[in-house]
Amino acid sequence: MALVALLAFGVGNASAQELPMSRGDVEEGLTCQCGCGLTVHACNHLQCSFAIPVRKDIAESLERGETGQQILDRYAQKYGEKVLSSPIATGFNVLAWIAPYVAVAVGGILIVFAIRRMAHRSAELPHAAPDEHSSDPASQQQLARLREEIEEFER
Amino acid sequence: MIEIGNLALYLALATAAYAVFACVYGAQTRRRDFIASGEHAAYACWGLVCIATVVMVHALITHDFRIKYVAGYSSTTLPLQYRITALWGGMEGSLLFWALILTSFVALAQFQNRNRNRELMPYVTATSATVAAFFLSLLVFVTPPFAVLSRPPVEGTDLNPLLQNYWMQIHPPSLYLGYVSWTIPFGFAIGALATGRLDDLWIRTSRRWCLAAWFFLSLGNLFGARWAYEVLGWGGYWAWDPVENAAFMPWLTGTAYLHSVMIQERKDMLKVWNMTLIILTFALTIFGTFLTRSGVISSVHSFTQSGLGPYFLWFLALIVVGSGILVVLRIRELRPRHKLDSILSRESAFLFNNLLLLGIAFATFWGTLFPVLSEAVRGVKITVGPPFFNQVNAPLAIALLLLMGIGPIIAWRRASARHLMESFLWPALFGLLVGGAAFALGMRTLQALLVTSFSAFVLYTVVAEFHAGARARMSMVGEGYGAALLGLMRKNQRRYGGYIIHVGVVFMFLGVTMSSVYRLEEIHTVKKGEEFGVGRYTIRYDDAASSENAHMARLTATLTVFENGQQIDVLHPEKRFYKRPEQPATEVDLRSTMRDDLYVILGSIDDKGVATIQAYVNPLVWWLWCGGVVLVLGTAVAVFPTRRARVLERARETAVGRRQQA
């Protein structure tokens, strides 16, 4: 179910990206260069020499018909990639976007594989020969399972 | 006094180093006198750090500007409470404060265990004292807090205005308490590895420390968010700043540990995994300190750049390599005694919970360090900011929310089809119903719909668990419903405390999602008497006033707020101009309700009294803070030492003691 939710959300995000970018989205896409560490949209410095003119330019450019992506590209060309608030998903930067999902996917596959393997072995255990070192009629495995059942019952 | 402070730190370092040596030597040679001597040294170290701290606080209060730190972070006009909190306002003072908390915790852990866990304790003390010795070395050799100025100034530079706030008085201490508390469970883990006592003794003994560490780290993050919300004045509370990320990562791995440790206690499994999580969490606390103090990554939160970075990196390497070697040496003894039975089980749900928590931690780590990696590989500086973290982490967090509903009700070991149907039918239908209702009411954003639906699902499961438990208790014990609910929580504090914490986390999810997705924003330049609208509110700019004292000048706007033509509030956002150092600051004002926050910022007021005002409507943000309060309540339920819990603990210790004697 979690994977279904992830996929659904991924689809949602992808479709959201196809929509035209609003003024706020474009402002969020640029990092303020005044040293505040926030985006152009969030910078609240009085008379900020970067955020205030850039906000004005974004509004005017959108009115002129320039797309959000074109505005971002223009700023990236002028100031370098560091002005963008997130890495462009090309070349080496693709690694930034995919590595977390690859890590989670690999982790998920390993967990599923490990549980299935353990469950398979666990299912075989009741038919295994009793422990020759155990003097009890019930094996250690069975006793452990019994203890768990009691614990479960008492919960 | 300065000499006393310096001497106390030198002696504290010497006693910490001696404590490490005496405890390890005593444990290895089974010499009890050495162990006792090492533990006494740890108590002495605490006392000496207390003396150094008292000297520093006294110097801050009495304006002893001979000390460079006091001259740099306080002034004669700084109010008393901020002179005291200036202790953690700068690099040297905050390291001293860290050492104070750490040595206090070592002393407390030793006192708690003076008559028990005697096999583990020498290693716990030695590990914690090693960490203390590291911090004390920095204080003695690298950043001495009592360094003196050859020409003391008449007036100090003062504390950064952004730190002169109520939330900054409590945010750093709670964060430091959270960071430092993880040292004690880490010490117990190392003790277990060193002695080979790899049963769940170290886990049970350090459980309260883990919960306390997690609790304070949660509070630290929340207080920091509240500080950003009220003081930074950009309308938000979390900017994915590297230093914020540094505090978030150990919280995530710590949360993963608190869940997976239940499997070890119940099934004697995941021993290697739990060891790894504790080591990782502690290492991340040191990594966070490295990020804040090294200047390797630019952050609005970080201290001034210093030469501390390499020391922290070497110490981090020591922790990771040293602990890793110990785990590898004990790998055979850490093997599980039981196996998992099915993928449809609570154990699996916990494992996937761990996967997602670590996934978010990794994404945060990766995003924080990617600019450094990019510069090293491509030679190009890039920025990884909020849009990246929001986009990458949101799907993982939403999946985690769903698991919060599944984990508590799916059966241990193996869930049958019938059990799944019985347990999940109604919660799932309720979640779908609430999600459908939200859609019908106009909610169209997928993220908001998923969070609403999953939140309803989780809340249903928690309420159903409480209700079913109370009903069972009513029929078995014959209590009334209220008494049965209380009895239920007393009987299994950890489980029901955990459920309450889940409710708090659901509230936080709702607050964060709705305030991010549906935030409204308006910026207007208005003359006196003019009004503008934002969402359902109308704001009228009525007046402006200025005032001044020795510390700062203030410009205050008076704004009257209307809803449906009715006056509902008057807000007073401010612009402050601090005199030392000369720096403007924003003092936002807000009207907070359960439905939304009206949040106003005064941009500027010109000579003619024309004001620029920025106003936000942040929906449901109140629930984020409410979730924090619920989380506090849940943790209190989980850790509060009741008589029953003490009796059970004593019985367990007696049983363990008998087993050891046998």
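Here are legends for several close-up views of a predicted model.

**View 1. The loop at B:L270, between two helices of chain B.** Start with the backbone: B:L270 isn't a glycine, yet its phi is positive, at about 60°. The residue sits in the loop that links α10 (242-267) to α11 (271-294) in chain B. Is B:L270 buried or exposed? Go by the C-beta count: there are 22 neighbours inside 10 Å, and 20 or more is the mark for buried, so B:L270 counts as buried.

**View 2. How α10(B) and α11(B) pack on either side of that loop.** The two helix axes come within 9 Å of each other and cross at roughly 165°. Angles over 145 degrees count as roughly antiparallel, and α10(B) and α11(B) are therefore roughly antiparallel to each other. As for the hand of the crossing, α10(B) and α11(B) make a left-handed one. Look at what lines the contact of α10(B) with α11(B): 16 nonpolar residues, 9 polar and 1 charged.

**View 3. B:R413, another positive phi in a chain B loop.** Here's an arginine with phi near 70°, a positive value in a residue that isn't glycine. B:R413 has 20 C-beta neighbours inside 10 Å, and so it counts as buried. The cut-off for buried is 20 or more.

**View 4. Strand β9 of chain B and its two antiparallel partners.** Strand β9 covers residues 596-605 of chain B, and 9 of its 10 residues are buried, so the rest of the structure largely encloses it. One partner is β8 (residues 589-592) of chain B, which runs antiparallel to β9(B) and is joined to it by 4 bridges. For a landmark in this pairing, find B:L590, which stands opposite B:Y599 in β9(B). The turn from β8(B) to β9(B) is a hairpin through 3 residues. The other partner is β10 (residues 611-619) of chain B, again antiparallel, with 9 bridges to β9(B). Here the pair to look for is B:S604 with B:T612 of β10(B) opposite. The hairpin of β9(B) and β10(B) has 5 residues between the strands, and B:G609 in this hairpin takes a positive phi near 85°. A reminder for reading side chains in this view: in a regular strand they alternate between the two faces of the sheet.

**View 5. B:A317, an exposed spot on a helix.** Pick out helix α12 (residues 309-329) of chain B, and B:A317 is part of it. With 11 other C-beta atoms within 10 Å, B:A317 is exposed; the limit for that label is 12 or fewer. For a sense of scale, take B:A317 and B:L402: 85 residues separate them in sequence, and their C-alpha atoms are 36 Å apart in space.

**View 6. Where chain B meets chain A.** Chain B brings 53 residues to the contact and chain A brings 44. On the chain B side, the elements that give two or more residues are α13 (346-378), α14, α16 (446-477), β7 (583-587) and β9. Which of these gives the most? That's α13(B), with 13 residues. By residue type, the side of chain B that touches chain A divides into 32 nonpolar, 16 polar and 5 charged.

How values were computed: Residues are numbered from 1 along each chain as its sequence is written. Chains are lettered from A and ligands numbered from 1 in the order in which they are written. This is a predicted model: local features need pLDDT of at least 70, side-chain atom pairs count only at pLDDT 80 or more; totals for chains, interfaces and linings use all residues. Two strands pair if DSSP finds at least two bridges between them. Two residues are in contact if their C-beta atoms, placed from the backbone, lie within 7 Å. Ala, Val, Leu, Ile, Met, Phe, Trp, Tyr, Cys and Pro count as nonpolar, Asp, Glu, Lys and Arg as charged, and the others, Gly among them, as polar. Axes are lines fitted to C-alpha atoms, for helices over the stretch in contact, and angles run from 0 to 180 degrees between N-to-C directions. Angles under 35 degrees count as roughly parallel, over 145 as roughly antiparallel, 65 to 115 as roughly perpendicular and the rest as oblique. A crossing is left-handed if the near helix is turned anticlockwise from the far one by less than a right angle, and right-handed if clockwise.
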